[in-house]
Amino acid sequence: MSVLQITGLSLTIAGRPVLRDVSLDIGAGEIVALTGESGSGKSMTAFSVMQLLPEGAAPSGHIELDEIDILQADEATLCSLRGQRMGMVFQEPMTALNPVQTIGAQVAEVIRLHSNATRGEAQQQMQEVLIRVGLTPDQVPPSRYPHELSGGQRQRVVIAMAVVMRPRLLIADEPTTALDVTTQAQILDLLQQLVTEDGMGLMIITHDLAVVSQLADRIVVMRHGEVVETGPAAQVLAHPQHPYTQMLREAAAHQVDLPQAEATEPLLVVDKAVRDYPAPARMFGRAAPKRAVDHVSFTLERGERLGLVGESGSGKSTLTRAILGLEPLQAGRIEIDGRNVADNDPTTRAKVQVVFQDPYGSFNPRHRVARLITEPFHLLPDAPTGAARSALVGEMLESVGLSATDADKYIHEFSGGQRQRIAIARALITRPDLILLDEAVSALDVSVRAQILDLLADLCRDSGLTYLFVSHDLAVVREVTDRVLVMKSGQIVEQGVTEQVFTVPDHPYTQALLAASPSLPEAVA
Amino acid sequence: MRLSLILGAALSALVLALAALSYLWTPGDVTAMDIANRMKPPGAAGLLGTDHFGRDMLSMIMVGARVSIAVALVAVGIGMGLGVPLGLAAAARRGGWLDELIMRGNDLIFAFPSLVIAILITAVFGPGAINAIIAIGIFNIPVFARVARGAALPLWQREFILAARVAGKSRAHISVEHILPNIANLLVVQGTIQFSLAILAEAGLSYVGLGAQPPLPSWGRMLADAQTLVAVAPHLALVPGLAIILTVLGLNLLGDGLRDLLDPRLRRVRT
């Protein structure tokens with residue numbers, strides 16, 4: 001018997017169609033993955049089930065949870081359904097918790113809201129559920145506040161709140177996207193275990209096909225608000241029928257044709273670099289400073305593609321900023337072409353450019369593309385002007401796969417992938433020797449990501465690019481780098497030729513990272 | 001929902017238009033007394049009646065608007081002109097000694113009750129429109145410095161600012177080129193609010209006799225003069241009082257409307 005049955009669900013928001021004729025059902029104890037790229041309507045499907053739709057939304061069709069039609073239910077019924085019969089886990093656990101309440105109080109509140117439990121009973125149940133999600137009182141007591149927990153622990157609290165009433169249906173919207181890969185593996189295990197124990201249906205929304213293949217029984221592939229393919233997860237992933245699913249599958253396992261690197265001379269030399277952040281001031285004096293980068297040394301040769309992997313807080317972003325000269329070092333030095341970056345010399349600075357992660361935050365919304373991508377010209381004493389400048393802007397835009405006429409547009413007219421192309425054009429316009437790619441493809445959909453990675457390979461072929469590719473995504477780093485550095489707690493714990501590090505990892509941390517990364521099964525030809 | 005914007009803009013435009021018109025034409029002469037026709041109610045002599053010296057009230061309101069607007073405009077200009085650069089500098093050097101210096105200086109000014117200090121300044125340097133402008137202007141500086149710093153701080157964390165720093169631009173250059181245009185909408189809104197507060201402050205100062213000096217008419221002094229005559233000729237107090245209220249209301253509505261219009265976050269909720 002199915003827990004959730006959606007038949008012919010259509011949704012318009014302010015007259016704009018968002019979902020068209022979506023049908024799916026989830027049985028008890030079944031894990032169904034909704035997957036698709038951004039804008040495919042997978043989150044809106046979940047919000048339709050919870051009836052947490054934005055203003056102006058007009059759903060039609062049927063959504064039946066245990067034979068109650070949610071679309072016909074009144075607000076009072078919905079309130080009792082939410083939390084009691086269906087629970088939801090969000091992407092970002094920090095914003096899903098109230099920062100000024102202890103985690104115990106927040107879980108107990110859910111219990112008291114949905115049952116007649118007394119204060120004492122609620123306390124009792126709260127402690128049980130926290131232990132169930134792996135937060136034992138000796139390690140994480142309920143008296144803690146959300147900011148005192150790690151990201152994975154916070155997500156466990158959110159899960160505890162969702163499952164404490166033993167709902168029939170659990171909806172998890174990208175529950176591990178904001179988490180590190182080792183934490184992701186633990187949270188996925190926990191979700192699986194809870195589904196088995198309680199016999200709930202789990203609707204998991206994710207863009208990551210590797211997660212789908214690891215967890216889901218069935219898969220629902222969505223595109224432009226429609227379900228394009230559905231079936232048992234293993235079968236759909238091995239033999240995708242719909243062209244869109246095939247494209248997704250190929251993009252996720254995309255092979256980049258990276259030309260052979262010709263390392264020649266050292267370009268970037270990092271020598272025992274140390275970066276400390278001062279600790280916040282206390283009533284008396286200061287605590288010991290936090291060491292973000294701890295005696296890091298490595299060399300990047302001209303023409304080489306180097307990867308830098310590590311989990312959040314490992315210091316890779318700080319190191320990137322230090323190389324850009326944005327952060328002062330407490331000890332050691334960073335040299336580019338034999339010149340110290342700390343000297344702040346414009347000609348040295350012009351040799352390094354950067355592409356950031358967020359395609360939306362990397363541009364001043366009030367400037368046109370031509371002005372945005374020529375910003376690094378500020379570093380050049382003899383920057384081209386007038387017609388030569390416009391010609392170069394056009395040429396740069398064409399080299400990243402856009403058109404020269406895009407120069408007069410504003411940034412909001414472009415999609416995420418196009419913006420990242422513009423970011424690459426901005427980084428390349430001064431013909432720098434080295435480009436830092438700081439999680440440059442992490443925020444992109446798989447198909448767009450594959451295109452950007454291909455673009456990088458093309459640029460390597462055409463102009464012998466040297467780059468440092470910083471990412472938490474091991475699969476991508478493996479595709480586009482020759483050598484790789486593994487960073488943990490500010491130190492480089494392992495470095496070597498990429499293929500070698502990935503096939504025979506030396507350090508226990510690298511082994512743990514690789515073991516935790518979900519991977520797609522090899523495609524069956 | 002756009003009503004506040006339209007109403008606010010209309011009221012503000014009306015006051016501005018009256019003030020501008022007063023340079024070219026007024027119904028009567030604001031210095032000519034006509035004791036025979038004193039304290040005539042509205043309609044009997046002139047549109048808004050006459051005051052206790054028989055001067056035309058409408059003319060006085062028009063010329064008074066000129067003084068109020070000039071004082072408020074220059075005072076807000078001082079506040080913006082000094083406060084915004086200070087706030088931007090503080091944000092650019094967040095946590096540094098410059099930030100501390102600017103913000104603690106701000107706190108110092110905030111710590112004094114503004115009207116009392118304004119009275120002190122005009123009392124020491126003598127009453128007059130210029131001193132009122134300076135007194136009100138000084139207290140506008142920390143307001144704008146705080147708004148500018150508060151809005152600039154999150155922007156400094158954005159990646160397009162990092163990109164500009166990678167392009168080798170100085171902090172001052174980034175503040176002017178990237179930060180200022182992105183906080184301009186907030187500053188415009190704050191400007192209209194401060195403008196209305198400055199008009200109130202000017203009226204307050206001239207009420208106690210420390211603003212524009214006679215024979216130049218001012219709304220605050222018209223109120224003060226009317227005080228003892230309220231029972232005999234209520235319009236003497238009502239006319240300048242309503243002028244102040246409508247101007248301040250208009251500017252506040254305009255500020256509210258502009259905020260809704262310029263803040264994309266609020267706009268999204270509406271559509």
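Me: What do the domain bounds of chain A rest on, and which domains does the assignment give?

Reply: Domain bounds come from an automatic or database domain assignment. For chain A the assignment gives domain 1 (1–85 + 169–252), domain 2 (91–164), domain 3 (257–276 + 288–351 + 433–525) and domain 4 (368–431). The model is a predicted one, in which local features need pLDDT of at least 70 and side-chain atom pairs count only at pLDDT 80 or more, while totals for chains, interfaces and linings use all residues. Residues are numbered from 1 along each chain as its sequence is written, and chains are lettered from A and ligands numbered from 1 in the order in which they are written.

Me: What makes β1 and β2 of chain A a pair?

Reply: Two strands pair if DSSP finds at least two bridges between them, strands being DSSP runs of E with at least two residues.

Me: Why is α1 of chain B said to have a buried face?

Reply: A residue is buried if 20 or more other C-beta atoms lie within 10 Å of its own, exposed if 12 or fewer, and partly exposed in between, with C-beta atoms placed from the backbone. In α1(B), B:Gly8, B:Ser12, B:Val15, B:Leu18, B:Ala19 and B:Ser22 are buried. Seen down the helix axis, these buried residues fall within an arc of 115 degrees, so they line one face of α1(B). On the other side, the exposed residues include B:Leu3, B:Ile6 and B:Tyr23.

Key. Helix = DSSP H or I, 4+ residues; strand = E, 2+ residues; numbered from the N terminus. Arc of directions from axis to C-beta.
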